[in-house]
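Good morning, everyone. Please take a moment to look at the chain on the screen before I go through it.

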Amino acid sequence: MAQGPMECPANQMDSLRTLVNRVFRSDGGDMFAEYPTVFDAEAPQGMRVVVEDGKVVSHVGVCVRDASILGATVRTASIGAVSTYREYRGRGFATQLMEDAIAYARGVGAHIMPISGGRGLYRRLGAISPGRFLSSKVPAHPSDSELSLRRATSADAPVLASLYQREPIRFLRPLEDWRKLLRAEMLMNQKSDCWLIERGGRTAAYAATQRPQEGGLPRVQEYAGCRQALWEALGLLAGQYTANSVAMHLGPEDAQMETRVRSLGLEPGVGTFGGTLLVLDVARLLECLVPLWSERHGVGAVADLGLTADRESLTYQHGGQTVTLRGEEVTAALFGPEQGREAPGPLPGLEALPLPWYGYSYV
């Protein structure tokens, strides 16, 4: 008889490791080593499992961290490593575990749930891929001769944390997370390097870069610090991989980097969030977002909408009508609609708010 959903028992950690490695690393590798913020022995409550026949047969990982969106603190419960042995599929374990993960996340006060995937299971729960993110392939160009690159180690975690801390849209990543992630050398499910960009012995910026796969380019998936130094160092970065270009994911609403890309006559590609997103508690999230809207659009513009919410729905007044949004409609209204799908856009008179990009916080 199946046991769970539940927190992974201490005596089942080895069988959980066997499951996730068989599902995700059949060609080699260790998910526990590569994703230390999910498989954290000090936080087993985030490893939600079903046990049957004396072993873990299904798993959903939950990593709870705060994020900062233009000064508003939003609690996230990121979902990853969703896995079930083939012979145990079709019995509803993944669905049960996702429902359990949602209940657990709400219990610890999470507002939103980023999910590293877009399968039907998540969409049936109301998750969508919202937002607007830019990326570009940037040709290597001459670098400032005073700049140098150095591969970061876990000892550099305080420097990296200090640079990242200055980003207006980011995860609030504890220092110990930085140390673990740098040791893991994994960035959005690919092996990676983190390069410190230095001038005169001082660190000006960093570029976390996925190592190119055969025939591909190095891909910068997270960066922070001085944009000028970062831009001027791209030639050096390409050279580390004997490449002639660098693929870059631009940070959320990073007008400085977008302007530099366009100065080369390049048109950035447009994509959505790198997974799917579920809003867990509309009312509590609204409390975080109203001050941002008021600052950007004016208190009157927000008050005129007469916003009210409960955990699962959002209601506003517009054109003499009362409009109530639920499920994916709420996510689209708050963070932008999914491209190519019919859904309400941002709330009338208000802009959709940006999401942090995963970067090292990918699970």
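I will begin with the chain as a whole and then turn to its cavities.

What you see is a predicted model, in which local features need pLDDT of at least 70 and side-chain atom pairs count only at pLDDT 80 or more, while totals for chains, interfaces and linings use all residues. Residues are numbered from 1 along each chain as its sequence is written, and side-chain values use heavy atoms, with hydrogens and water left out.

The C-alpha atoms fill a box of roughly 65 × 60 × 35 Å along the principal axes. Of the 363 residues, 53% are buried, meaning under 20% relative accessible area with a 1.4 Å probe and protein chains only. Among contacts (heavy atoms within 4.5 Å) with a separation of 6 or more, 69% join residues 24 or more positions apart.

A volume is the space filled by probe spheres set on the points, which are joined across faces, edges and corners.

The largest cavity holds about 90 Å³, and its lining includes R65, R173 and D177. The second largest cavity has a volume of about 30 Å³, and among the residues that line it are I112, F273 and L355.

Conventions: On a 1 Å grid over the protein atoms alone, a cavity is a set of points where a 1.4 Å probe fits but cannot get out, and a pocket is an open set with protein on both sides within 12 Å along at least five of seven lines; lining residues have an atom within 4 Å of a point. Buried means under 20% relative accessible area, exposed over 50%, partly exposed in between (1.4 Å probe, protein chains only).
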